[in-house]
Amino acid sequence: VIIPFVNALLDENSLAKDIRQNLVRSFQQADEVVTEIAASQFAPLSVQTELLPLTRQGLKIVEQIPELLDIVNAGQREFVPTVSKCAELVRGLYAVPASLVVSFQDDSIDESDKVESLLRLATSADGAAARVTRARLKGSHVTPCTQDVFISTPLDSFDPLLPLRRLARQELLRPINDLNKKIIPFLNDALANYKK
């Protein structure tokens, strides 16, 4: 699916060229719009401190896509670094004192066992063995993307199904709440140790 799409997108016909130009223009316009909004005196501070940096980080990732598409179009199907090179880099350069590895029960593409093994071989900046915490949770690799689709409305007080909606919301968000219960204490502990 991806290779035919890439080949069609990188074709030299006028439609493919127009699509590529429009994509580039759209990303530039997104940056301009967010920059203008952040500069407005009416914009909340969070636009400048959170939304603008997040948009720019996202655009840096998007800027890498054309080169990746060219590589795929040229026939490359394997990418670097190799697994062994990644392992070498982690052992030698990953100098983080504590890491949290999260995996999910229903994740068919999970490689967290390998990641955990590699991180346990790493040493922190002070030369001590890295601390690796592992969390195994219900869900799949898309669980962290779960959205709260149960929006509160002014009519909730008249909704006879509100208790059922609340129960459904609670069940839908249970894996996310479980994930938060693992991440937040880990981060608090890491920050407390960092300040020492």
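The second largest pocket of this predicted model holds about 160 Å³ of space. Its lining is made up of Val83, Cys86, Ala87, Glu111, Lys114, Val115 and Leu118, and both helix 5 (83-93) and helix 6 (112-121) supply at least two residues of that lining. Sorted by class, the residues around the second largest pocket are five nonpolar and two charged, with no polar residue among them.

The two helices that contribute to this lining also pack against each other. Two packed helices are described by the angle between their axes and by the distance between those axes. For helix 5 and helix 6 the angle is about 40 degrees, and the axes lie 8 Å apart, while the crossing of helix 5 and helix 6 is right-handed. In this contact Ala87, Val90 and Arg91 of helix 5 meet Leu118, Leu119 and Leu121 of helix 6, and by class the contact has five nonpolar residues, one charged residue and no polar one.

Helix 2 (14-39), helix 3 (45-63) and helix 4 (65-73) each give at least two residues to the lining of the largest pocket, with the largest share, six residues, coming from helix 2.

| Pocket | Volume | Lining by class |
|---|---|---|
| Second largest pocket | about 160 Å³ | five nonpolar, no polar, two charged residues |

Side chains of opposite charge can pair when their charged atoms come close. When a salt bridge is taken as a side-chain nitrogen of Lys or Arg within 4 Å of a carboxyl oxygen of Asp or Glu, the count comes to ten salt bridges. One of them joins the side chains of Asp113 and Arg134, with 3.0 Å from N to O. This pair links distant parts of the chain, since Asp113 lies in helix 6 and Arg134 in strand 2 (residues 131-137), 21 residues apart.

Notes:
Residues numbered from 1 in each chain as written. Predicted model: local features only at pLDDT ≥ 70, side-chain atom pairs only at ≥ 80, totals over all residues. Heavy atoms only, no water. Helix = DSSP H or I, 4+ residues; strand = E, 2+ residues; numbered from the N terminus. 1 Å grid on protein atoms, 1.4 Å probe; cavity = no way out; pocket = protein on both sides within 12 Å on 5 of 7 lines; lining within 4 Å. Points joined across faces, edges and corners; volume = space filled by probe spheres on them. Nonpolar A, V, L, I, M, F, W, Y, C, P; charged D, E, K, R; others polar. Axes fitted to C-alpha atoms, helices over the stretch in contact; angles between N-to-C directions. Left-handed = near helix turned anticlockwise from the far one by under 90°. Contact = heavy atoms within 4.5 Å.
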